[in-house]
Amino acid sequence: MYGGIDLGGTKIQAAILDDDHSVLGSARRATPTSGGPADVAVELEAALRDAAMAAEVEPAALDGVGVGSPGTIDAGNVTSARNLPGWEGTFPLASTLQQALGCEVKVGNDVQVATHAEFRLGAGRLYRSLLGVFWGTGVGGGLILDGRPWTGQGAAGEIGHIVVEIDGARCTCGRRGCMEAYAGRGAMEEHVSKLVEKGRKTELFGLMRERERTRLTSGVWARALDHGDKLAAHVLDRAVRALGAGIASAVNVLDVEGVIIGGGLGVRLGHPYAKRIAEEMLPHLFVDFRPPRVHVAALGDLGGAIGAALLLEPEEQSAISR
Ligand SMILES: [Zn+2]
């Protein structure tokens with residue numbers, strides 16, 4: 001039995017898996033918004049303990065726990081995990097959790113482990129090569145090439161920073177014209193705010209307050225579309241065009257068989273949007289008569305935690321937990 005924890009910018013998702021990858025128990029907690037890495041580690045431990053309780057197992061009895069984390073991962077240490085509070089330096093996440101939980105802990109990149117989960121158990125099962133695109137606050141990417149996870153020198157898959165417009169919109173990374181600067185939920189929210197200042201009308205912020213949110217979450221976007229909100233549709237169209245151009249550019253280089261669209265927005269907006277992204281890719285594909293298949297992530301919200309648990313499988317660990 002293995003544990004898996006997905007450390008996201010807004011939530012921590014934990015799951016306990018048996019040896020056949022069935023989920024025996026799961027739990028979710030909010031990611032701390034203040035403090036530092038040690039406070040985040042305490043919540044990771046608590047989420048795993050909640051999931052273990054649901055699965056009726058002691059954490060120390062597990063064969064190990066995997067963690068999917070943002071940031072740069074090296075030997076269980078996590079450096080500059082953006083979107084997490086006070087995480088500028090390096091924190092020994094694996095050894096801290098190992099001590100707290102009493103079992104082996106391995107750490108991998110969050111997007112890479114989620115892509116691996118889709119490859120092994122989800123929408124990418126039929127393929128040897130795969131591009132995972134995680135469309136949420138930012139846009140992350142993961143790669144499986146010829147059946148193996150590909151992390152490059154440690155930073156492969158940063159598809160959000162493919163340039164879709166030279167000298168274009170400012171990105172959170174400090175550069176210009178990145179795909180994420182058009183398609184990331186954070187960038188879309190900023191863009192909507194600017195348009196509202198210019199007098200455009202939208203229900204987005206009203207729906208946000210109604211749902212007692214402080215950000216335009218995936219659920220808020222989906223609801224606005226249901227209401228026929230024209231500005232929401234316009235900003236999402238712009239995001240989809242950027243995703244189409246960026247993903248097609250990556251496919252022109254890698255020629256993968258499948259593209260999996262996951263992440264908060266990807267999963268929430270689902271198949272109709274995956275289809276639209278596939279359509280927007282077409283004009284940019286060099287080999288347009290044989291486009292890759294585009295799917296929605298099949299493991300949904302639990303994919304990250306399941307992929308993290310897979311870090312403990314002996315044959316995989318050398319490749320994705322460095
Ligand atoms: Zn960027």
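**Disulfides and cysteines.** I began with disulfides, meaning pairs of cysteine sulfur atoms within 2.5 Å, and a search of the whole structure finds 0 of them. I kept in mind that this is a predicted model, where local features need pLDDT of at least 70, side-chain atom pairs count only at pLDDT 80 or more, and totals for chains, interfaces and linings use all residues. Residues are numbered from 1 along each chain as its sequence is written, and side-chain values use heavy atoms, with hydrogens and water left out. Next I looked up burial, where buried means under 20% relative accessible area, exposed over 50% and partly exposed in between (1.4 Å probe, protein chains only). C103 is buried at 6%, while C173 is partly exposed at 27%.

**Zinc site.** Which residues coordinate the zinc ion? I found H161 (ND1), C171 (SG), C173 (SG) and C178 (SG), at 2.0 to 2.4 Å. Donors here are N, O and S atoms within 2.8 Å of the metal (3.2 Å for Na, K and Ca); water is not among the atoms, so sites may look incomplete. The spacing of the donor residues in sequence is H-x9-C-x1-C-x4-C. H161 and C171 both lie in the loop between strand 11 (148–149) and helix 4 (180–183), so this pair ties together parts 10 residues apart in sequence. Helices (H or I, at least four residues) and strands (E, at least two) are DSSP runs, numbered from the N terminus.

I then checked the geometry: the 4 donor atoms subtend angles of 104 to 113 degrees, which makes the arrangement tetrahedral. H161 is partly exposed at 24% relative accessible area, whereas C171 is buried at 6%.

**Helix 2.** Which residues of helix 2 (residues 93–101) are buried? They are L93, A94, L97 and L101. After helix 2 comes G102, with a positive phi near 75 degrees.

**Positive phi elsewhere.** S80 is not a glycine, yet has a positive phi of about 40 degrees; S80 sits in the loop between strand 6 and strand 7 and is partly exposed at 38%. D167, also not a glycine, has a positive phi of about 60 degrees. I placed D167 in the loop between strand 11 and helix 4, exposed at 67%.

**Cores.** A nonpolar core is a set of buried Ala, Val, Leu, Ile, Met, Phe, Trp, Tyr and Cys residues joined through side-chain atoms within 4.5 Å. The largest one has 47 residues, with L131, V133, W135, W221, L243, I247 and V259 making the most contacts inside it. Helix 8 (residues 230–254) gives the most to this core, 12 residues. A second, separate core has 31 residues, including A47, A55, I73 and W87.

**V259 and A114.** I listed contacts (heavy atoms within 4.5 Å), setting aside neighbours within four places in sequence. V259 is in contact with L131, V133, I247, V251, P292, R293, V294 and H295. A114, in helix 3 (residues 110–121), is buried at 8% and touches F134, G303 and G304.

Key
Tetrahedral: all angles 85-135°; square planar, octahedral: opposite > 155°, others 65-115°.
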